[in-house]
Amino acid sequence: MAFKDQIFLASQYLAPHHLVSRGFGLLAESRSPEIKNYMISRFVRRYRVDMSEALIEDPRAYACFNDFFTRALKADARPLDDDPANAVSPADGAISQLGPIREGRIFQAKGHSFGLTALLGGDAERAAAFQDGEFATIYLSPRDYHRVHMPLAGTLREMIHVPGRLFSVNPLTASHVPELFARNERVVCIFDTEHGPMALVLVGAMIVASIETVWAGLVTPHKRQVRTVRYDGAAREPIHLERGAEMGRFKLGSTVIVLFGRDRMRWLDQPSVRGPIRMGETLALPTDRHPAVDAV
């Protein structure tokens, strides 16, 4: 391992994650023209952001950096797979891992995995619906579109905010930080779909100032305890979102983990690691229409 990588990994354990993230969050919300225009223009140049896809193409027209970072795209920028039975990618990014959930563990990187139950907030009953199911981990790079959308139409059952660390999330930390995704702060959203249960786990990371959902607004940061909100009782109106609808967003990017139950969906591509993917592209096929015998 290169010396600079060793220094970076050491800094991940020593840095005051939440203090750094909140400090950057304050800057990202600044309405000062000098601050926000400098941050946005520098970001666009460094990461070669394609502003022609954005609904508002002029970087200086955004009120703050966070508004730019969570920018909406033009209506035709992310067409959906034509077959409504197929699950689509919830976000722009790169599929870092995908495959089966084995013995309650999810593959992270060579030599590392993390627990399904821990990822979902420590509730074994909640995790049981996904035992021996399937997972996909999608990493959002800084230049990507950072709104998260529904892979399938679904009705929200519960939302869980799980407090934790804010390690950076990238291939280096995934390869060297044990249980990375089950240690970082995250928002778990459980949906009922035509193809069984589906979970979308929005994982926080260093300088990710907050995670929002379309039904609850700002979810993180919050008090340092697991918080569960159920949406399947009489106290709250059911929340149904169509396939491709926005469900949440990151204020600075991170990772989305998609979970399906056993024998419900199979991934479009094998082997487990695939490159870039865009929101709306085909991610998985229903097994009742595409039996497992067809899979590699």
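Before listing pairs, I wrote down the term: a salt bridge is a side-chain nitrogen of Lys or Arg within 4 Å of a carboxyl oxygen of Asp or Glu. I also noted that the model is predicted.

**Entry 1: the count.** How many salt bridges does the structure hold? I found 15. I followed up some of them below.

**Entry 2: glutamate 57.** I looked up the partner of glutamate 57 and found lysine 74, with the closest N and O atoms 2.6 Å apart. Glutamate 57 sits in the loop between helix 3 (33–47) and helix 4 (65–69), and lysine 74 in the loop between helix 4 and strand 1 (87–88), so the pair ties together parts 17 residues apart in sequence. Then I checked accessibility. Glutamate 57 has a relative accessible area of 41% and is partly exposed. Lysine 74, at 29%, is partly exposed as well.

**Entry 3: glutamate 29.** Which residue forms a salt bridge with glutamate 29? I found arginine 31, and the closest N and O atoms of the pair are 2.9 Å apart. Glutamate 29 counts as partly exposed, with 33% relative accessibility. For arginine 31 I noted 49%. The cut-off for exposed is over 50%, so arginine 31 still counts as partly exposed.

**Entry 4: glutamate 246.** I looked up glutamate 246 next and found a salt bridge with arginine 147, the closest N and O atoms being 3.2 Å apart. Glutamate 246 belongs to strand 14 (residues 246–251) and arginine 147 to strand 6 (residues 147–149), so this pair ties together parts that are 99 residues apart in sequence. Is arginine 147 buried or exposed? Its relative accessibility is 14%. Buried means under 20%, so arginine 147 counts as buried.

**Entry 5: a network.** I also found salt bridges linked into a network. Its members are Asp123, Arg126, Glu158, Arg230 and Asp232.

**Entry 6: a sheet.** I turned to strand pairing. Strands of a sheet pair through backbone hydrogen bonds, either parallel or antiparallel. I looked up an open sheet of three strands and wrote down the order 1-18-16, with antiparallel pairing. Which strands are the edge strands? They are strand 1 and strand 16 (265–267), and each pairs on one side only. Strand 16 is joined to strand 18 (residues 282–286) by three bridges, and the two run antiparallel.

Note on methods:
Residues are numbered from 1 along each chain as its sequence is written. This is a predicted model: local features need pLDDT of at least 70, side-chain atom pairs count only at pLDDT 80 or more; totals for chains, interfaces and linings use all residues. Side-chain values use heavy atoms; hydrogens and water are left out. Buried means under 20% relative accessible area, exposed over 50%, partly exposed in between (1.4 Å probe, protein chains only). Helices (H or I, at least four residues) and strands (E, at least two) are DSSP runs, numbered from the N terminus. Two strands pair if DSSP finds at least two bridges between them.
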